[in-house]
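Student: I would like to go through one structure with you, topic by topic. Please put it up first.

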Amino acid sequence: MTTPERPVLDPATGRELTRLPDTGADGVEDAVARADAAFRGGWGDTSPGRRGDLLRALGDLLRDDREVLAGLERDNAGKPTARALGEVDFAARVTDWFAAAARHPVGETHPAGPGMRTYTDRVPVGVCAAVAPNNYPLLLAVWKIAAALAYGNTVVVKPAPETPLSLRRFVERAGELLPEGVLGAVYGGADTGRRLCAQPAVGMVSFTGSTAAGRDVARRCADGLKPVSLELGGKSPVVVFRDADLDAAARAVVTGFTGNTGQMCVAGTRLVVDRAVHGEFVAWVAELAAALRVGRPGDPATDLGPLISRAAVDRTAEAVGEAAAKGARVVLPPGADDVRLDLDGGFFVHPAVVDEAPSDSRAWREELFGPVLSVAAFDTEAEALRLAHDTAYGLSASVWTSDADRVEHLGRNLRAGMVWVNTWGDTDETVSVSGMGASGYGRELGLHAVEGYTRPRAVWVAHRTGR
């Protein structure tokens, strides 16, 4: 049966870049079988030093292919060139980190009596399925691939159907370095992902995407008792007190809700601001956001590129319109009367500030994946904490204050996997990150990534004494 081809679009123009066939059921089975054969055929027993050498080579490949990969991210994901280049650089640092982490000791030796040695260690799970999102197509896939390979697994990766091009290039180039079957790819939408998760030889699934899709992955993997790592959605608060450095806070807020055109799971899309400075702070945030240039990703002057699809534009506009209808004050850049922006037929929107957003509005409650900031004011610290927690998500949060006691109290009590105090968005390949609540579970990056990509073992070794 002929597999239908899926159009791959340039979100800056809406035009077709190429067509890529979805991987059918036989293709998914074959990709997993090759990965399983590679694992059983020797990769699982490859020394940590050898795995580290190959990961460093993958880092060099990323650096050598930097311009090409960034160009594919620009054209297929709508990323401004400087941002795309920075993400390729980050991906290379991740492979370097896991090249070293492959040799980091794991396990413990336990006290035992004469004639017995007892220890724990960790062993690879086998074939890892890595499902990557459309907002960071290459970078987040490399987070998963590098960790899985470092600890002796093989990988079958599935990019998002909208943004397969940079990852396809990387997998093809990596095939020149890695043994056959160690890293493969399948392509398509949800059906392809479900087939991949269902393969008996898949030992674990690492998924980044929406909370709804993550729930589906978890349900399907439960049938096979497969562990999953889920990095899901967010609706993250930025809490600003009157005693904060308000200029620095305002600039961080703008970066937090407009970065990557708002297409970030950690995006700070809910501003919880002290009522004493509410009016002036919101006005400053809106002015800074309005100064950002929305435009073609290839233009060096562009700050914000397009959203990933026309549906994403419609979802953003509908949520902003609903909030306005419920009484919110929507602030757009001067001269704009609609969040939609007609430019070259692409999927563009203006950044929007939704002041006094109703608590039952989609703009306040849902992850929109667009540059929309919803605002609520507070009078007391307790109210600020309540508003920060007025969400099912728990991926990240940011607090701005000069009060040391408040720093400790909020830092201790905020329910989020990542908490930034007087800063926003810091991420490092050496620090493990995760979410809470509807934002998922499992650790990415850092030393704790080993917990998802290996299984712990206890070993008792009896031996003779008195020889």
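Student: What is the relative accessibility of Asp96?

Tutor: Asp96 has a relative accessibility of 30% and therefore counts as partly exposed (buried is under 20% relative accessible area, exposed over 50%, partly exposed in between; 1.4 Å probe, protein chains only). Please note that this is a predicted model, in which local features need pLDDT of at least 70 and side-chain atom pairs count only at pLDDT 80 or more, while totals for chains, interfaces and linings use all residues. Residues are numbered from 1 along each chain as its sequence is written, and side-chain values use heavy atoms, with hydrogens and water left out.

Student: Which residue forms a salt bridge with Asp96?

Tutor: The partner of Asp96 is Arg63, and the closest N and O atoms of the pair are 3.1 Å apart (a salt bridge needs a side-chain nitrogen of Lys or Arg within 4 Å of a carboxyl oxygen of Asp or Glu). Asp96 belongs to helix 4 (residues 81-101) and Arg63 to helix 2 (residues 48-64), so this bridge ties together parts that are 33 residues apart in sequence. Helices (H or I, at least four residues) and strands (E, at least two) are DSSP runs, numbered from the N terminus. Arg63 is partly exposed as well, at 36% relative accessibility.

Student: Why would such side chains pair at all?

Tutor: Opposite charges on side chains can pair when the charged atoms come close.

Student: How many salt bridges does the whole structure have?

Tutor: The search finds 38. One of them joins Glu67 and Arg66, with an N to O distance of 3.7 Å. Glu67 is exposed at 55% relative accessibility, whereas Arg66, at 26%, is partly exposed.

Student: What about Glu444, which residue does it bridge to?

Tutor: Glu444 pairs with Lys144, the closest N and O atoms lying 2.9 Å apart. Glu444 sits in the loop between strand 21 and helix 15 (450-453), and Lys144 in helix 5, so the bridge ties together parts that are 300 residues apart in sequence. Glu444 is buried, with a relative accessible area of 3%, and Lys144 is buried at 1%.

Student: Where do the sheets come in? In what order do the strands of the six-stranded sheet run?

Tutor: The order is 7-6-5-8-9-21, in an open sheet with mixed pairing. Strand 7 (183-185) and strand 21 are the edge strands, each pairing on one side only (two strands pair if DSSP finds at least two bridges between them). Strand 6 (residues 154-158) pairs with strand 7 in the parallel sense over three bridges, and Val157 stands opposite Ala185 of strand 7. Helix 5 packs on this sheet, touching strand 5 (127-131), strand 6, strand 7, strand 8 (202-208) and strand 9 (228-231).

Student: How do strand 1 and strand 2 pair?

Tutor: Strand 1 (residues 5-10) and strand 2 (residues 15-21) are antiparallel, over six bridges. Asp10 has Arg15 of strand 2 as its bridge partner. The two strands form a hairpin with four residues between them, and Gly14 in the turn has a positive phi of about 80 degrees.

Notes. Contact = heavy atoms within 4.5 Å. Axes fitted to C-alpha atoms, helices over the stretch in contact; angles between N-to-C directions.
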